Amino acid sequence: MAKIDMKRFQALFEEPGEQEQSVIIRGVDIHKIYRSGPQETHALRGATLDVYRGEYLSIMGPSGSGKSTLFNAIGALVKPTSGRVYIDQVDIAQLDTEELAWLRCRKIGYVFQTFNLIQVMTCLENVTLPMSFAGLSTEEARDKGIRILKMVGLGHRILHKPAELSGGQQQRVAVARALANSPDIILADEPTANLDQSTGQEIIDLFKNLQNTLGVTIISATHDTKMLQASDRILWIEDGVIVKAARPEEMTFTSDKFGAHGHH
Amino acid sequence: MNLTTATIPEQVKLPIRIALEVVLQGLRIRLGRSVVTITGVVCGIAFLMSILTGQIVKRGVADEDARREEISRIMSFIRSDLPKLSGHTIGIVGGGTLSEVEARVVEQLAGEAGTILALKGGTPSARTLHGVTLRPVPAAQMAGEASVIFIMGDGNLPDFDWNGFLGQALNNLAAVTAPDVKLPPVLTAERTVQLARAWSAEELEAKSLEARKERFRSIWITVISLLVTVIGISNAMLMSVTERFREIGTMKCLGALSSFVTQMFVLEASIMGLVGGFFGAVLGAAFALTVYVITYGGSLVFSALPVGTMFLYAVGCVFAGVALSIVAALYPAKVAASMVPATALRSTV
Ligand SMILES: Nc1ncnc2c1ncn2[C@@H]1O[C@H](COP(=O)(O)OP(=O)(O)O)[C@@H](O)[C@H]1O
Ligand SMILES: [Mg+2]
């Protein structure tokens, strides 16, 4: 395994523009084109956004509007076709695969719509796996894993397999796993889409709680207006562009549509 | 950002133990799936092993057939001279080592005739002769007691007064079973009976041609069966890797390095290859032996079986199982490992 070039890596983190202190993720004119044969899908068409440290940001948009693609792009899970993504002022396009792995391991915790737990592992092992990737010893990881699982209310389920849990409980394990290496950011792509109303609300409350107690930045994609109340800010994405930004209190909710008299 | 709290990225190197744990757990939990994959390996290796076993058994049986024919020819010559062997004494003279055929002739003679005399200082050495007690005697005693004198072994004959010896002998004819032994001039054609099968030039040529053809055939069939094995195993491994793209994607999102993913699959493949190779070798050998026992009969097959060679082939097959599994898993594992996490997550194989 190649050694990481520390100097270069640190240098990447060492250009803080003073006035941008509070921006944790910045996306600039992100385009993403998926090509499969002759077929081209323009999933992002110049999305630009700032995410502030410690905020709860919701990304709202209909199905197919590019939420997941944006989520993957700002989460360093795909390379944008063009445009820049900065995480903590680091242009992630400049990172090599090992640095990206490091970033995914410690900076960001991911939560997915389909939970994506590793079925063959117990809840505890799912949570400790990223810790092993970060180089924690088995004992340290175990202790920390148990602590986090207790925190998300699953202290009594640590040795169960995901399949033995309800959807809500599985998503809690996924949240615990996202928290494993104390990330600054939690990226959640429609975390409640596979859950019923009240279970989904519990996950949202859990995120809100994590934001308040740990100061974690929460970015959550959703197409469910009922999940927006907890957020500090909402970005509306349509056809691959951010079309407006608003605060929840600035929005008038109707049954399935909502309007904002907000910024942008 | 706050630089003081920024952790310096340390190399995310994972001990192989973690990969091994993940793999073993995976194999245990996905037992059904693992069994299917291992079965693929078992089938491939069993096929290979049965082909190889078949070849050595066939060769062994052919050799054994030839030996048996040789032995029965020698025995029937003796019987034509001494219809009732029991009670007779047999003498053995010679040098070097007894051939397999000669040793078995001695064993058979000991069983039927009873007493076997060996010339003091002039007897070929042999592997353990079962049920034979060689009684070393001086030349005069042998000449007086032996009904038949055999000249055996592949070495030079002892140097002594053959003339006087055969003159005193009960039967003044010596039976020569050693194929290429150099006889002293006194042992003329009238005083010896050549029992070793002499091959004519044409026969030898035909034999070597047949051997060459046989070698070509066996290489050909081994290559074919290796191909079948490779295809079977790669198929099994490909399935086992591709159906876990999602899991791989998840692991990459959690910070797994590509090398970890590859390492995991290589480990898994070697374990499955080892288990599959072992059972494949056992099953393949058992299958081929059963078929040949039914065709040729158990006694012929088992007396012809070169156990050492078979063991070597079995070990080779297990190695082949491991190696082929690793090679077969390497490609899909590399593809999976180098996949962008988001792509891996989307795949719903
Ligand atoms: N890996 C991919 N390959 C091809 N097309 C894709 C891929 N991912 C997303 N898309 C397409 O890009 C568009 C945006 O998708 P996505 O980002 O998943 O939207 P959302 O999450 O808002 O539903 C859709 O038309 C989708 O079909
Ligand atoms: Mg989506």
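**A tour of chains B and A**

Select chain B of this predicted model: its radius of gyration, taken over C-alpha atoms, is 32 Å, whereas a compact globule of 349 residues would have one near 20 Å, by the rule of 2.2 Å times the number of residues to the power 0.38. Residues are numbered from 1 along each chain as its sequence is written, and chains are lettered from A in the order in which they are written. Local features need pLDDT of at least 70 and side-chain atom pairs count only at pLDDT 80 or more, while totals for chains use all residues; side-chain values use heavy atoms, without hydrogens and water.

Keep chain B selected and view its C-alpha trace, which spans about 115 × 45 × 35 Å along its principal axes. Of its 349 residues, 47% count as buried (under 20% relative accessible area, 1.4 Å probe, protein chains only).

Next, select residues 167-178 and 197-214 of chain A, helices α6 and α7. Their axes, lines fitted to C-alpha atoms over the stretch in contact, come within 10 Å and cross at roughly 20 degrees. α6(A) is therefore roughly parallel to α7(A) (angles under 35 degrees).

Finally, display the side chains where the two helices meet. α6(A) contributes Gly168(A), Gln171(A), Arg172(A) and Val175(A) to the contact (heavy atoms within 4.5 Å). From α7(A) come Thr199(A), Glu202(A), Ile203(A), Leu206(A), Phe207(A) and Leu210(A).

Key. Axes are lines fitted to C-alpha atoms, for helices over the stretch in contact, and angles run from 0 to 180 degrees between N-to-C directions. Helices (H or I, at least four residues) and strands (E, at least two) are DSSP runs, numbered from the N terminus. Angles under 35 degrees count as roughly parallel, over 145 as roughly antiparallel, 65 to 115 as roughly perpendicular and the rest as oblique. Buried means under 20% relative accessible area, exposed over 50%, partly exposed in between (1.4 Å probe, protein chains only).
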